[in-house]
Amino acid sequence: MREFKRISKLQRGLVPQSAAATALGVSRQRVHQLVTEGTLNHWTFYGMKWLSENEVVSFAKLHRGE
């Protein structure tokens with residue numbers, strides 16, 4: 001729990017991978033691909049993959065309108 005809180009604070013929040021897909025308007029497979037290629041970082045807690053809210057927001061801003 002401490003590690004989750006620490007990383008969440010550093011990343012201005014963590015979002016589940018599936019929620020990131022919804023927020024970005026892409027499939028879960030596309031988010032998985034972005035994680036695999038190193039575009040987005042992830043952490044595993046509680047049996048789920050979590051992404052940096054900072055990175056998800058930045059990615060959305062960079063790729064708006066594509």
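The legends below describe several close-up views of one predicted model.

Residues are numbered from 1 along each chain as its sequence is written, and side-chain values use heavy atoms, with hydrogens and water left out. Because the model is predicted, local features need pLDDT of at least 70 and side-chain atom pairs count only at pLDDT 80 or more, while totals for chains, interfaces and linings use all residues.

**View 1**
Followed along the sequence, the elements come in the pattern α-β-α-α-β-β-α; helices (H or I, at least four residues) and strands (E, at least two) are DSSP runs, numbered from the N terminus. The C-alpha trace spans about 40 × 20 × 20 Å along its principal axes. The radius of gyration of the chain is 11 Å, which agrees with the value near 11 Å that a compact globule of 66 residues would have; this radius is taken over C-alpha atoms, and the globule rule is 2.2 Å times the number of residues to the power 0.38. Of the contacts in the chain with a separation of 6 or more, 53% are between residues 24 or more positions apart, where contact means heavy atoms within 4.5 Å.

**View 2. The surface and the charges of the chain.**
The accessible surface comes to about 4,700 Å², and 52% of this area belongs to carbon and sulfur atoms; accessible areas come from the Shrake-Rupley method with a 1.4 Å probe, and for residues only the protein chains shown count as cover. Of the 66 residues, 32% count as buried, a word that here means under 20% relative accessible area, whereas exposed means over 50% and partly exposed lies in between (1.4 Å probe, protein chains only). The chain has 10 positive and 5 negative charges, whose mean positions are 8 Å apart; Lys and Arg count as positive and Asp and Glu as negative, while His and the chain ends are not counted. The place of a charge is taken as NZ of Lys, CZ of Arg, CG of Asp or CD of Glu.

**View 3. Helix 2 and its buried face.**
The buried residues of helix 2 are Q17, A20, A21 and L24. Seen down the helix axis, these buried residues fall within an arc of 100 degrees, so they line one face of helix 2; the arc is that of the directions from the helix axis to the C-beta atoms. Their cover includes strand 1 (14-16), helix 3 (28-36), strand 3 (48-52) and helix 4 (53-62). The face turned away from the buried side carries the exposed residues T22 and A23.

**View 4. Q17 in helix 2 (residues 17-24).**
Q17 is buried, with a relative accessible area of 13%. Leaving aside residues up to four places away in sequence, Q17 touches R28, V31, H32, K49 and L51.

**View 5. W43 in strand 2 (residues 42-45).**
W43 is partly exposed, with a relative accessible area of 21%. Among the residues that W43 touches, not counting those up to four places away in sequence, are I7, Q11, L14 and W50.

**View 6. R12 and Y46, two residues with positive phi.**
Most residues other than glycine have a negative phi. R12, in the loop between helix 1 (2-10) and strand 1, has a positive phi of about 55 degrees although it is not a glycine, and R12 is exposed at 66% relative accessible area. Y46, in the loop between strand 2 and strand 3, has a phi near 55 degrees and counts as exposed at 52% relative accessibility.
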